[in-house]
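Work through the exercises below with the sequence and the 3D view side by side. Try each task before reading its solution.

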Amino acid sequence: MLLLLAGCFALAGWRITASVLAIWGLHRLLHWWRGISIFIDGMQVYGKAKPKSFKDSASHSSPRRKGRASERTEGFMTPKSEASEDFVEWAPFWPSLPCGPCAEGSTSPFAELPSEAEVQPYWLQCDAFVFDVRNIGYKHSREKIPSQFALYECVGMDIVRDHRRIDCIMDRWDSGDLPANWPGARWEQSWKVPRVLVFNCQVPYTAGKIFGSYPDEDGGFSILNYFVLSREASALLASNAATPALQLWKRFVEEGVSTKEGISLKVVGRVEDLDKHEVPESFKRFNNKPVLLTRSATVYKKRLPEMLEIDFDVRNWNYPTRAAMVSYHHRAREAEVEIGYLLEGKADDELPEQILGCFTVNNMDIMAARWLT
């Protein structure tokens, strides 16, 4: 190498020699970068994945269940509400994600799961009080308390996918087809809050790149929630006694945007038995902790005053978070996850916070998403 450099310097001078050195250095740097792997908290976020070998493969795979969930011997200790048994399930793409496991001996709508899927996902009602929210005086005390009742009740869910990201899902079904009121609830346009609330969580199948745009070919999948105004919120609005959270929700509907500086939308996930799942410590730190939905969120107001849709795209989250979701999505097949949406209360007149809507999801196999086209 030294002889080659000396020859270049003698024949072409120092400028060309420096250029050769720079090109060679860049080549070596690129070769080194392609070969490295980056780990954060024990999780690989960059580089080629190395094959894993498991001593007990049974603990890392779930049996395919058609129509019912296997009996559980441990799990959630929090009670589930019994006041919502008389609601009418509504989902325009049913039965992509039905309410509750299929009863023993009955015919499952998932008799034929997509070939990539291993388990049948389903959802359940969830009590808002299992989530910790900011209390009055939070700025100084940092105190959190269990949430009051949810402002909206979940009446249905879907998990669907397409070749491109699914935006504004309300355009995919008849505008006249909407869920019924929650039992005992009513709605008036003058209240200036929607009767129906739709959430569209847009999730990619790959982590994408650390830098640059996301690959268009990864259309990903959407987890869809359909909520209607709750009986308790309806009664408060009818008597002109809205809670601080309801007042904040009215302002959010009017503004139609989630920002860090203004009104901020948040999502919080909770797994009660997280310790039994093999996930990084960083996952446990975020258990029952909210995540801001600002830059990733889009609000669609075209069907107000009766319906509002909020989409949020995980592609806009930071790379380590996306990589974690891709690397550990198989754990969702084994867990029961409670998820809630809420608005962030900043000043005391916006507190205490209150869950906007929540639900429980079981056996979330992302490969079970149904194709829309």
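Predicted model: local features only at pLDDT ≥ 70, side-chain atom pairs only at ≥ 80, totals over all residues.

**Exercise 1. Around tryptophan 173**

Task: List what tryptophan 173 touches, not counting residues up to four places away in sequence.

Solution: 
- Step 1. Select tryptophan 173 and leave out residues up to four places away in sequence.
- Step 2. The contacts are then Trp90, Pro92, Phe93, Leu178, Val198, Tyr226, Arg303 and Met307.

**Exercise 2. Glutamate 353 and arginine 134**

Task: State where the two partners of this salt bridge lie, and whether they are buried or exposed.

Solution: 
- Step 1. The whole structure has 14 salt bridges. In one of them the side chains of glutamate 353 and arginine 134 meet, at 4.0 Å from N to O.
- Step 2. Glutamate 353 sits in the loop between strand 13 (336-343) and strand 14 (355-362), while arginine 134 belongs to strand 4 (residues 132-134). The pair links distant parts of the chain, 219 residues apart.
- Step 3. Both glutamate 353 and arginine 134 are buried.

**Exercise 3. Glutamate 350 and arginine 251**

Task: Explain why this pair ties together separate parts of the sequence, then classify each partner by its accessible area.

Solution: 
- Step 1. The side chains of glutamate 350 and arginine 251 form a salt bridge of 3.1 Å, N to O.
- Step 2. Because glutamate 350 is in the loop between strand 13 and strand 14 and arginine 251 is in helix 5 (residues 244-255), the pair ties together parts 99 residues apart in sequence.
- Step 3. Buried means under 20% relative accessible area. Glutamate 350 has 12%, so it is buried. Arginine 251 has 36% and is partly exposed.

**Exercise 4. A network**

Task: Classify glutamate 344 and lysine 346, then name the network that includes them.

Solution: 
- Step 1. Glutamate 344 and lysine 346 form a salt bridge, with their closest N and O atoms 3.3 Å apart.
- Step 2. Glutamate 344, at 11% relative accessibility, is buried; lysine 346, at 34%, is partly exposed.
- Step 3. Through shared partners, salt bridges join Arg134, Lys266, Glu344, Lys346 and Glu353 into one network.

Note on methods:
Residues numbered from 1 in each chain as written. Heavy atoms only, no water. Contact = heavy atoms within 4.5 Å. Helix = DSSP H or I, 4+ residues; strand = E, 2+ residues; numbered from the N terminus. Buried < 20%, exposed > 50% of the residue type's maximum accessible area, 1.4 Å probe, protein only.
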